[in-house]
Amino acid sequence: MTAVDSSRRQPESRGVLRICAATRSRPPTLELSGIGFSFGGAPVLSGVDLVVAQGERRVILGPNGAGKTTLFNVVCGDYSPKAGSIRFSGRDITDLKQHMRARIGIARTYQNSLLFDGLTVLDNIFLAIRGVRRNRFSLLRPRANDRDLAQAREIADRVRICHLLNSDVRDLSHGQRRQLELGMALAAEPKLLMLDEPAAGLSPGDRPELLRTLHELPRSLTLVVVEHDMDIALPIADIVTVMKDGAVAIERTPDKVERDPAVQAIYLGEAA
Ligand SMILES: Nc1ncnc2c1ncn2[C@@H]1O[C@H](COP(=O)(O)OP(=O)(O)OP(=O)(O)O)[C@@H](O)[C@H]1O
């Protein structure tokens, strides 16, 4: 992890800076500095500083309403921050449009499914690939040896649903739909992948599958994950950021999170 402005950091962050020398030595992929956002007059994010190194797995925890999803929306361009700046691979993207952020390598999933019901798994991934290509408006039916179709099959394999290629997505289980969403986010070949509660609603049987898929993602990919389920969150995290009241409250390595009294106090609604 790399500090945006070490003079403004909480004392808790210094331990992480020492511990995470491995990730600190890599260049930052995502740098948020002083991010502020409000709905109407109600502040939701204030002074959020966050730096995620290339290839790092960052998990963001925090109680309901802490601002985690809003932060995702600001990074991906769904919302414009009212204050602060966003840098991606060294480039200031604070004012860049959402579709351009996707094109330069930022992909995300949402808490709720965003799939093309009525189409097959293969069609969904194929359309996600074509959606980020410059020639995406081609009306020609793809040939059997189409490069994008081959890539769609590879992605289905990577997210463990290659046996479902010809299934209508309406017939998939919730867990299979979440795996497909992950595949569709990977279709853009992102540098930064942001997953919003990937384990939400998964059955106990689906969780190990998700965990395996996340572990197998290439280490060149930077991952930022909001997840309430500690059994998913902690095994994949290099660093855990805990948010409270729209700000970063704590940064820890995953081994220090579960028994940390300050983290427990945040979840129990006490002063940290
Ligand atoms: N569209 C909106 N309009 C007004 N207020 C909103 C809107 N979306 C979120 N909020 C408020 O902003 C705050 C932060 O919400 P957000 O969804 O970012 O929190 P979160 O940490 O992701 O919570 P959860 O874990 O429940 O998903 C909450 O108080 C929420 O009620």
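Which strands does α3 lie across, and at what angle does α3 run to β2? Helix α3 lies across β1 (28-39), β2 and β4, and runs at about 65° to β2. This is a predicted model. The protein chain holds 10 helices and 10 strands. Of its 272 residues, 39% are buried. Among contacts with a separation of 6 or more, 67% join residues 24 or more positions apart.

- Strands β3 (residues 57-61) and β8 (residues 222-226) pair in the parallel sense, over 4 bridges.
- Within that pair, I60 has V226 of β8 as its bridge partner.
- Strands β9 (residues 239-244) and β10 (residues 247-252) run antiparallel and are joined by 5 bridges.
- T241 is bridged to E251 in β10.
- β9 and β10 make a hairpin with 2 residues between them.
- D245 sits in that turn and has a positive phi of about 50°.

**The four-stranded sheet**

- A second open sheet has 4 strands in the order β2-β1-β4-β5, with antiparallel pairing.
- Here β2 (42-53) and β5 (91-92) are the edge strands; each has a single partner strand, so one side of each has no neighbour in the sheet.
- Strand β4 (residues 83-88) and β5 run antiparallel, joined by 2 bridges.
- In this pair, R87 has D92 of β5 as its bridge partner.
- S89 lies in the loop between β4 and β5.
- The phi of S89 is near 50°, a positive value in a residue other than glycine.
- S89 counts as partly exposed because it has 17 C-beta neighbours inside 10 Å.

- The ligand is surrounded by F39, V44, G62, N64, G65, A66, G67, K68, T69 and T70.
- Helix α3 (residues 68-76) gives the most to this shell, with 3 residues.
- By class, the shell has 3 nonpolar residues, 6 polar and 1 charged.

- K82 is found in the loop between α3 and β4.
- K82 counts as partly exposed because it has 14 C-beta neighbours inside 10 Å.
- Neighbours within four places in sequence aside, K82 is in contact with G36, F37 and S38.
- K82 and I35 are 47 residues apart in sequence, but 7.4 Å apart in space, C-alpha to C-alpha.

- An α-helix has 3.6 residues a turn, so residues three or four places apart point the same way.
- The axes of α5 and α6 come within 9 Å and cross at roughly 115°.
- This crossing of α5 and α6 is right-handed.
- On the α5 side of the contact are V121, L122, I125, F126, I129 and R130.
- On the α6 side are D148, L149, Q151, A152, I155 and A156.
- The residues of this contact divide into 9 nonpolar, 1 polar and 2 charged.

- E189 is placed in the loop between α7 and β7.
- The phi of E189 is near 50°, which is positive in a residue other than glycine.
- E189 is exposed, because 12 other C-beta atoms lie within 10 Å.

Terms used:
Residues are numbered from 1 along each chain as its sequence is written. This is a predicted model: local features need pLDDT of at least 70, side-chain atom pairs count only at pLDDT 80 or more; totals for chains, interfaces and linings use all residues. Two strands pair if DSSP finds at least two bridges between them. A residue is near a molecule or strand if its C-beta atom, placed from the backbone, lies within 6 Å of it. Ala, Val, Leu, Ile, Met, Phe, Trp, Tyr, Cys and Pro count as nonpolar, Asp, Glu, Lys and Arg as charged, and the others, Gly among them, as polar. Two residues are in contact if their C-beta atoms, placed from the backbone, lie within 7 Å. Axes are lines fitted to C-alpha atoms, for helices over the stretch in contact, and angles run from 0 to 180 degrees between N-to-C directions. A residue is buried if 20 or more other C-beta atoms lie within 10 Å of its own, exposed if 12 or fewer, and partly exposed in between; C-beta atoms are placed from the backbone. A crossing is left-handed if the near helix is turned anticlockwise from the far one by less than a right angle, and right-handed if clockwise.
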